[in-house]
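Colleague: I am new to this structure and would be grateful for a guided introduction. May I put some questions to you once it is on display?

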Amino acid sequence: MIRQRSSVRSRGSSSTTISDPREKVKDCCRKFVAFMCTQVGVGGLIVAYALVGAASFMSIETQEPNPLIEHVVTLRRNCAAELWDVTEQLNLFNSSIWHYEADLVLKRYQDDFAEAIRRGYDGRSPEEVWNFPAALMFCLAVFTMIGYGNMVPRTAWGKGATVIYATFGIPLYILYFMNMGKVLASTFKWLYTWFHECSHRSDEDGGLALEEGPGGLAPRKRIIVPTTACLWVITIYIATGTIMFAEWEKWTYLDSAYFCVTSLCKIGIGDLVPGANILDSQSGKPTKLVINFVYMLLGMGLVAMCYILMREEVRIKMQEIKEDTRLCLEDLSAKFAKCCGTKDSQYYD
């Protein structure tokens, strides 16, 4: 009876713990964290992080007007007013003095306008600069550490948000980089193995199939993806981006290849950025930045894939070199011992 009561109590306690709302919340949190640590979860998390960052930077940077725009408008008005005054005073009486004074006014306006350009004026309002695709591209440049530099936060809140965004975004990107590389590496290795088996199926009942030995079935031959295959994948991907950006941006093929390589290598010089000119922002064609965002994320995953596959091949090659070196040394030591042994036997004889 006591055992039955204790068992009933234990069942009742376990049921109460399972039905406890706090335990359900903890269990859901554990499952959510476990899912976010998977490849799909990390990929979704990095995309969501970029979307939230783009919306945040849009809201921060478009709240305050750009003072350089008002400054340039004032310069233009002052220049026009000064030219009108010079025209009223000197145009009818002395043409040479009018030309001289007008040149001075235009030269002063030119210097002030060049100074405004050096300070970041490009003729666009904050709404035109910080549209959603451009802000998305800015977030990509921050947490991937590319740093194009064509877009920079202007406000103090924007600069502070960039520091915080990079602090949490860079570790998240590194996690995505490694997980995406593992997924693509395993997928590409499976495809390469499948094609390799199909191409050697005619050799000795499939070539790579299980072979019967004296002890039964022999282990299956291990297939390593060669470095050349990885280089071909990266070359084709860069060539695709080269053609795509050359057609869109009217760049030369050399400039397009230069942009793809510097971006995938995370150099980020920033002299060439797709969709970042004034005409694209004013004509409402920012789709190029979104496609560039996808191209960069997928391309960096391919770089991680090639790194993992090439590292595996290098490790196996080093093991083979180590084994060959050991066998060579054993062979040399055996020959040396044999040679010394024959000389000693001749000496004693």
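Colleague: Leaving aside neighbours within four places in sequence, with which residues is Met145 in contact?

Modeller: Please note that this is a predicted model. Contact here requires heavy atoms within 4.5 Å. With neighbours within four places in sequence set aside, the partners of Met145 are Ile170, Tyr173 and Lys266.

Colleague: Where is the place of Met145?

Modeller: Helix 7 covers 132-143 and helix 8 covers 156-199. Met145 has its place between the two, in the loop.

Colleague: Is Met145 buried, partly exposed or exposed?

Modeller: Buried would require under 20% relative accessible area, and exposed over 50%. The relative accessibility of Met145 is 40%, so this residue counts as partly exposed.

Colleague: What distance separates the C-alpha atoms of Met145 and Gly268?

Modeller: Along the chain, Met145 and Gly268 are 123 residues apart. The separation of their C-alpha atoms in the model is 8.2 Å.

Colleague: Why does the span of helix 10 agree with its number of residues?

Modeller: Helix 10 runs over residues 253-264, which makes 12 residues. The expected span is 1.5 Å times one less than the number of residues.

Colleague: Which residue with positive phi follows helix 10?

Modeller: Within helix 10, the buried residues include Phe259, Cys260 and Leu264. After this helix comes a residue with phi near 60°, namely Lys266.

Notes. Residues are numbered from 1 along each chain as its sequence is written. This is a predicted model: local features need pLDDT of at least 70, side-chain atom pairs count only at pLDDT 80 or more; totals for chains, interfaces and linings use all residues. Side-chain values use heavy atoms; hydrogens and water are left out. Helices (H or I, at least four residues) and strands (E, at least two) are DSSP runs, numbered from the N terminus. Buried means under 20% relative accessible area, exposed over 50%, partly exposed in between (1.4 Å probe, protein chains only).
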